[in-house]
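Subject: Structure handover

Hello,

Here is the structure you are taking over. Please look through it first, and then read the notes below.

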Amino acid sequence: MDIATAVQMVAIMAFAMTGVIAISSRGIDLFSACVLGTITALGGGTIRDIILGVPVFWSIDLNYIWAALAASLLAFIGKPLLDRQHLFRLMLYLDGFGAALFAVQASNKVWDLEFGIPAAPVILGVVTAIGGGLIRDVLAGHPTLLMNRDLYAIPVLLGCVLYVLSLAWIPEYRPISGALSIALIFGFRSAVIHWRLSVPHWLMTKPKDDSRA
Amino acid sequence: MDIATAVQMVAIMAFAMTGVIAISSRGIDLFSACVLGTITALGGGTIRDIILGVPVFWSIDLNYIWAALAASLLAFIGKPLLDRQHLFRLMLYLDGFGAALFAVQASNKVWDLEFGIPAAPVILGVVTAIGGGLIRDVLAGHPTLLMNRDLYAIPVLLGCVLYVLSLAWIPEYRPISGALSIALIFGFRSAVIHWRLSVPHWLMTKPKDDSRA
Amino acid sequence: MDIATAVQMVAIMAFAMTGVIAISSRGIDLFSACVLGTITALGGGTIRDIILGVPVFWSIDLNYIWAALAASLLAFIGKPLLDRQHLFRLMLYLDGFGAALFAVQASNKVWDLEFGIPAAPVILGVVTAIGGGLIRDVLAGHPTLLMNRDLYAIPVLLGCVLYVLSLAWIPEYRPISGALSIALIFGFRSAVIHWRLSVPHWLMTKPKDDSRA
């Protein structure tokens, strides 16, 4: 296994583990933990590949499934340990790195397939990063990240836009612009985690005055 | 841009705008508004194309994406204006027209692909009209239209059945029967909006006596 | 219609009827009952076929759709009758048999397509059995089976693992091992229904002490 693959597997595992931890406070069983952790890790890329009309990535390389399942199991067993503040924060950073990595890789894949350029590479980059978490929240009955003020999708969107612009204008620097886009997303996301940033009020609709809203 | 395309774009924009307004009373950010508005507008047709196994329509003509995004942005900014009663009602009528147009177009596309005739053209016609709204409601944590008494899907179903029957029995009148089916759905839906009609009680199961139900 | 097809249709109808009954206590209309019953019956196989990249099974043989629609209609009309304890329990057993049958058939189909062996035949077997119910619950705003302690997916998982192991190690006994796997799932599921078994506590995460959780 080369370094690139190893990095991917670590990112997949971080996705699955934060996925399990995000819903395990409700009291779920081992099976549901594995299902929801794996969906968190692989769901976004699955939607992307279905929309692209190409074979889903985990059917070609089963290591993605094994990594996601093993990480979900690990998170289920090791939950008391992972609940400790500093370990959970480490997981959040790894998860942010995974989102950055998979989003830019996805934009790259969609671009190379010449699918709906330039909008689709950006859209499917974001879908790849957040799709799995959306399905998990819907199946677990949680509010999705679209309805809270966490800054998760917006850094991913900015990074994908930057990367697609670089592919259009300076295609000869692809490796550098890819690395920079990943760094941008990860850096932005790290700042969000570190300073607990959230979407500013002027970027939100005012909820109705109804206090139950 | 010819008239047919212009009409489509207006309908897509109406879908996106009613989509944003339907969920914006909760207090959502600009990004989520654009995501959920675009999903409302393009989600139904995306499910249809995935089930058909053909390239998703917005990957071939990106104008659908730009129109949906622009309309979502417009609805986000212009929300105070759109909240006015008469403007919102105008949007509801445009949305009803969009549902009529896309449902019949979808039935037509599925029929021409000879996919699961006669059931699939009707089913995928309805899916195209209501699928986007269903995904939006699920992601936003709203009750879906399947669980309320609004008459939205039933007019669409009747129009698609009528259109598919006409394709089977009087295929030589396709343009006329298509226009009539669109008019039927739009007329029915307009009556629902104007007189605030809802599903009659005899077409519903009795909820359990449990007062919390 | 041969016996194998007849058995399948009975199973599809049981899926649809338990699907309608599961949500009809809320007060739903005839249209929603048919949509949600049909989705319960056909949704899992649809997701499987989309992930496999093959034509969805109900577009090739429309009898699946007619059976699901007819059963949904029947359940809607006959609800007062089906609410009787012993008839509903009969439906639960038929539903368990359907889950067993469709899961093993799905594993078989995925194996023959040589798609992601050995993980994908197991995963898509489980998806086929529970996917329709998951979509129904999400659209109806119910908690999904992933979040309760009912033993539904775990028997299916065990049966699919057993069947895939037998395909790998003793492929010459395929018909026997298929029948045994179906019997295992159905027997396990029947025991769950009969003795009202649920997931044991040691296989669950402890919910947070927060009483509102």
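Two residues count as in contact if their C-beta atoms, placed from the backbone, lie within 7 Å. This is a predicted model, in which local features need pLDDT of at least 70, side-chain atom pairs count only at pLDDT 80 or more, and totals for chains, interfaces and linings use all residues. Residues are numbered from 1 along each chain as its sequence is written, while chains are lettered from A and ligands numbered from 1 in the order in which they are written.

Chains A and B: the contact takes 25 residues from chain A and 24 residues from chain B. On chain A, the elements giving two or more residues to this side are α2 (30–52), α7 (119–140) and α8 (153–169); helices are DSSP runs (H or I, at least four residues), numbered from the N terminus. α7(A) gives the most, with four residues.

Chains A and C: here 24 residues of chain A are in contact with 25 residues of chain C. α2, α3 (57–60), α4 (63–77) and α7 of chain A each give two or more residues to this side, and α2(A) gives the most, with six residues.

Only 8% of the interface residues of chain A are also interface residues in chain C, so the copies meet through different surfaces.

Chain A can be laid on chain C with an RMSD of 0.0 Å by a turn of 120° and a shift of 0.0 Å along the axis. The two copies are therefore related as by a three-fold rotation axis. The superposition is by least squares on the C-alpha atoms of residues with pLDDT of at least 70 in both.

Regards
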